[in-house]
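Please examine the sequence and the model shown below. A report on selected features follows.

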Amino acid sequence: MKNIIDWNIISRQRSALMGVAIIFVMMYHSSCAWPSDFMMLFRCGDFGVEIFTFLSAIGLSRSLLKNPPLDSFYKNRLLRILPAYCTIAIPMALFLHFVHGASWRHVVLFSLGLSYFYGDWTYWFISFILFCYLLAPILFRLKKKIGKPFCLFIIYLPISVVLHFYFNDALGPWDLLFVRFSTFILGLEIADFVLISTNRENSRKFSTLIISSTVLIITCYIFHLIRPLPDGTRYYLYMIMVVPICICLASLLEYIPRINIVLAWIGGITLELYILHEHVCIVIAKYFLEKPILAFLAAFIAAIIGAKTLSILTKAIVFKKSTKH
């Protein structure tokens, strides 16, 4: 008996799904820059972070399956993040210091993508993904040692819930990381089905569970749109939604190859778009505050051009340095 769900479809469509995720995030940025009634529909765009986190865990699992040396693994991850990030972050950090009086400690932490841990939300996801990169090899090996599907996730989830609902004030910025880290661990667990598919019986059972829960998930999300849930509760709902939605989107994208190609191209510059888009929105908002749809399109196009330019520039620098060594 074949699996009900083709789990490998997530791996095949990963780049296009990353493109969908960054479009969600840009919608969210736009809803913050232009708080009109129409743009409020884009507030659900922060769901894109869950897609990113889930797919990143699968991508890291693929790399870790090759048993790379730890120094090589960390080097490759940092080379993906830091060159593009530092190109924008260092000038911003210096601007904060010389114009707004930010401390040199803040400048250093901001430049390294670590300022979120000290209360600066500007690039919180950079801090979060670096945190995930740091722990990924440890969790991957722990998962292999346990050897039971979803055991790691089942252990972590109640810890995350207790920390969020009872200690969120004491945790400060770490609270959001512990909540959304649940999705990362879920991605590490799902990677067994997406990349390996060794346990077919468990895969069939989990496929049935996903299909039967989809209606409930959609119902909960519609309720959330009518009466918004608190942030922590909403993020746990996102975590439950991310797997079936990624499967549905990936299945749909298989039948629309032209859109698939465009989304995969956008998926190749997601980091650069994340770094630039919110700031582009802030600049454009000064001129198009009363025209949110036009402003959204202008910011989208400007961010795409800037992100592709940044990607070409940083890849050229990294490639040049790597060839020298």
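**Basis and confidence**

This is a predicted model, in which local features need pLDDT of at least 70 and side-chain atom pairs count only at pLDDT 80 or more, while totals for chains, interfaces and linings use all residues. Residues are numbered from 1 along each chain as its sequence is written, and side-chain values use heavy atoms, with hydrogens and water left out.

The pLDDT is the predictor's confidence in each residue, on a scale from 0 to 100. Its average over the chain is 84, and 84% of the residues score at least 70. Over residues 198–203 the pLDDT is below 50, and this stretch has nine contacts in the model beyond near neighbours in sequence; a contact means heavy atoms within 4.5 Å. Where pLDDT is low, the predicted coordinates should not be read in detail.

**The chain as a whole**

The chain holds 13 helices and zero strands. These elements are DSSP runs numbered from the N terminus, with helices (H or I) of at least four residues and strands (E) of at least two. Of the 325 residues, 48% are buried. A residue is termed buried under 20% relative accessible area, exposed over 50% and partly exposed in between, with a 1.4 Å probe and protein chains only.

Among contacts between residues at least 6 apart in sequence, 76% join residues at least 24 apart.

Thr53 is located in helix α3, which spans residues 47–64. Thr53 counts as buried because its relative accessible area is 0%. A polar atom of the Thr53 side chain lies 2.8 Å from the backbone oxygen of Val49. Not counting residues up to four places away in sequence, Thr53 touches Phe125, Phe128, Arg180, Thr183 and Phe184. One of these partners, Arg180, also lies over the face of Tyr235, at 4.0 Å from the ring centre. For such an arrangement, NZ of Lys or CZ of Arg must be within 6 Å of the ring centre and within 35 degrees of the ring normal. Arg77 likewise lies over the face of Phe73, at 5.0 Å from the ring centre.

Gln13 occupies the loop between α1 (8–12) and α2 (14–33). With a relative accessible area of 7%, Gln13 is buried. Leaving aside neighbours within four places in sequence, Gln13 is in contact with Ala250, Leu253, Glu254 and Asn260.

Helix α10 (residues 231–253) contains Ile245. Ile245 is partly exposed, at a relative accessible area of 26%. The C-alpha atoms of Ile245 and Ile51 are separated by 9.0 Å, although the two residues are 194 residues apart along the chain.

**Aromatic pairs**

Rings of Phe, Tyr and Trp (its six-membered ring) pair if their centres lie within 6.5 Å; planes under 30 degrees apart count as stacked, over 60 as edge-to-face and the rest as tilted. By this rule there are 26 aromatic pairs. The table gives two of them.

| Pair | Centre distance | Plane angle | Class |
|---|---|---|---|
| Tyr85 and Tyr123 | 5.3 Å | 85° | edge-to-face |
| Phe98 and Trp104 | 6.0 Å | 85° | edge-to-face |

The pair of Tyr85 and Tyr123 links distant parts of the chain: Tyr85 belongs to helix α4 and Tyr123 to the loop between α5 (104–111) and α6, 38 residues apart. Tyr85 is buried at 0% relative accessibility, and Tyr123 is buried at 3%. In the other pair, Phe98 is exposed at 62% relative accessibility, whereas Trp104 is partly exposed at 47%.

**Positive phi values in loops**

Asn67 is exposed because its relative accessibility is 59%. Phe150, in the loop between α6 (124–146) and α7 (151–171), has a phi near 70°, also positive in a residue other than glycine. Phe150 is buried, since its relative accessible area is 13%.

Methods
Polar contact = N/O pair within 3.5 Å; in protein donor to acceptor, adjacent residues only side chain to side chain.
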